[in-house]
Amino acid sequence: VTVRQREKGIAVRCSRPGVPCDQSNTAFKAARAFFEASGLSEQGIEIEIQKGIPMEAGLAGGSADAAAVLLALNRMFDEPLNLEQLSFAALQVGADVPFCLVGGSMRAEGIGEKLTPLPQMPDCHHGSRLCGGGSSCGLSPSGTEKNGAGLAKWKTGTGCPVMRQCF
């Protein structure tokens, strides 16, 4: 996400066809929420999105874009909002946008607005054939019976040592 000043209005451009570039876009909503929360009059802003995550894939791509816009605008305008105020503005855009502001390992409660830091997770690759360090763990992504048996081995301490840390 790139944010630039322009003469007037909020404009969104996106590299991927089919992504809405109007007021329904989360990046647009984030810009508007920033100006409302900061008390600054709405400035001319151009938001350019290079989309890497598929649209509506459930991977928080739009929420991450919205969080990036909030952080960029806060820096651009000399940080009028603290993290709590940014998080409140983020929540106006979507339930997982506050998490995207801070990232890391968090317990999310409520609708996602109550975040509690957790210890950092070990290097885990759930549902893949590889786990930390590239060693083979034999977990098939297809959800077969082998998965259940493999997970039981890891949970009891007889399987992959890195994956054991994930459960």
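1. The crossing of H2 and H3 in this predicted model is right-handed (the near helix is turned clockwise from the far one by less than a right angle). Helix H2 spans residues 61-76 and helix H3 residues 83-93; their axes lie 10 Å apart at an angle of about 145 degrees. Axes are lines fitted to C-alpha atoms, for helices over the stretch in contact, and angles run from 0 to 180 degrees between N-to-C directions. Helices (H or I, at least four residues) and strands (E, at least two) are DSSP runs, numbered from the N terminus.

2. Ala-66, Leu-70, Leu-71 and Asn-74 of H2 meet Leu-86, Ala-89, Ala-90 and Val-93 of H3, where contact means heavy atoms within 4.5 Å.

3. Three strands form an open sheet in the order S1-S3-S2, with mixed pairing; strands pair if DSSP finds at least two bridges between them. S1 (2-5) and S2 (10-14) are the edge strands. S1 and S3 (residues 45-49) are antiparallel, over four bridges, and Val-3 has Ile-47 of S3 as its bridge partner.

4. H1 packs on the sheet, touching S2 and S3, with its direction at about 145 degrees to that of S3. H2 also packs on the sheet, but touches S1 and S3, and its direction makes about 40 degrees with that of S1.

5. Residues are numbered from 1 along each chain as its sequence is written. Local features need pLDDT of at least 70, side-chain atom pairs count only at pLDDT 80 or more, and totals for chains, interfaces and linings use all residues, while side-chain values use heavy atoms, with hydrogens and water left out.
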